[in-house]
Amino acid sequence: MKVLLTFVGEQDPYSDKTGEEGSIVTLCRHLKPQVVYLFPTAAGFNVRSETQSRAVDTENWIKTEIDSTIRIFIRPLSFTDPTDYAVILPLARRAMAGVLQELEQVACEFHINCSSGTPQLKSTWLILANAGLLKNCHLWQVANPQFKQENRVNRLEVTFLEEENLLSRIKQYAKEFLFQGIADECNRLKDISLYSYRKEKAALLARIFNAYQSWDLIRYDDAYKRLNSVYNEASKTRDLAELSRVLEPQVKVLAVLKDNKEKENKFNLVDLYMNARRRLIRADYTDTLSRFWRIYEGVLFYHFRNRYQIEPGDLHKSNDQARVKAILNSSHFYSGFKQLSISSSVKVLKEIFKDKIFGKLAEQTITATRGQSSQNLEVFKLLEELRSKRNESIVAHGMKPVMEDDAVNCMRVAEVVLKEFIPETAELIDNYPLNFQQVLKVIEILDTAFSL
């Protein structure tokens, strides 16, 4: 059953200005609805512009001039100012809820007139439709006959409202690096957009953010294949030159990461550090803490390999067996000891090798977060505190949650440790290509496409 819903304006049912039938009557001729709901501004004291009398005239006009079998219901809305959204919206929402309740047992196709009433009343339909209040609804606009004599009735596509919602969510997700959510919204944009160039851009971005999601899950091979595919396409297209410039350093970093997965190096340690930072931004404190300890362990192991030619995973495979002998002959470890851990690495560096970098780090202080305040602590004292927190947490041997302060402190220590033991990581962190600004540059491709 076709149901027409409409406010009533001062040009209904007939316009003295144009000498033409108003939009309600015009739509009735075009749509031939079985039911019409008229929502005039109720007459009353201090009402600026009542249209209740015009609703009665409209009903009579439709029945005498178009079809006497059309069922018409007049539902006056009581507001003194038909331009006040704060009053209009709740009244209109309640009125719609009442109509839906009346028709809940009937299969209806709703048609909405967006051309009668004040500008605020007209746009109310767009707001309600965008909010999903009416399912299976069609919005219509009737052109002023002064400007358009033929084809005055046009259907309004409301996909632009959903597109704006999706674009807004994409930008919000970007703040937390929620790559899978962005990819899903891009696919949704691709499905609802009416223009081929918008579909193409949305599909392209969905591929990019699926690649970023794989990158975030440390699936470097998959991320490289996906992103390199998009980069190759973009680099051949003039209008995607800026996108190509964004993707190029990302592809280069992934090429290095995918080929360096066996042992810790400055590239995968920096990537793990940035991965942990993304976890912190998402308030995923448990993952932040667990990644921190892997970073700390990885930095120490990297230092052993590059400074001392010692293989921490199996001391007997080390190139410098003289240093291995010094470790094994010390009183710090049990007989048969052959593999370093974080704690044993610290003992070796501090007690046996008297490592200069370790010693320098031991002298440093760091600002630890304490709720709304802060405290200066020696780096290794904060590390001991974090070790205790880890052991008590769900990450290790306990069931306690990881708190925000602990995650923040982890990242502060991680940055200091990385830069002290591997100085070149400072530049890698500064130039890391998957940061918020780079993500926004990718999203600008969508913004441009959907603003055309």
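Modeller: The following account begins with the basis of the model and then turns to the core. This is a predicted model, in which local features need pLDDT of at least 70 and side-chain atom pairs count only at pLDDT 80 or more, whereas totals for chains, interfaces and linings use all residues. Residues are numbered from 1 along each chain as its sequence is written, and side-chain values use heavy atoms, with hydrogens and water left out.

The protein has 18 helices and 8 strands (DSSP runs of H or I with at least four residues, and of E with at least two, numbered from the N terminus). Buried residues, those under 20% relative accessible area with a 1.4 Å probe and protein chains only, make up 46% of the 452 residues.

A nonpolar core is a set of buried Ala, Val, Leu, Ile, Met, Phe, Trp, Tyr and Cys residues joined through side-chain atoms within 4.5 Å. The largest one has 91 residues, and Phe 209, Tyr 212, Trp 215 and Tyr 296 have the most contacts inside it. Helix H11, residues 285-308, supplies the largest share of this core, 12 residues. Leaving aside residues up to four places away in sequence, Tyr 296 touches Ile 342, Val 346, Phe 380, Leu 383 and Val 417; a contact means heavy atoms within 4.5 Å. A second, separate core of 26 residues includes Leu 77, Phe 79, Leu 91 and Phe 110.

Across the protein, 66% of the contacts with a separation of 6 or more are between residues 24 or more positions apart. The C-alpha atoms fill a box of roughly 110 × 50 × 35 Å along the principal axes.

Key. Buried means under 20% relative accessible area, exposed over 50%, partly exposed in between (1.4 Å probe, protein chains only).
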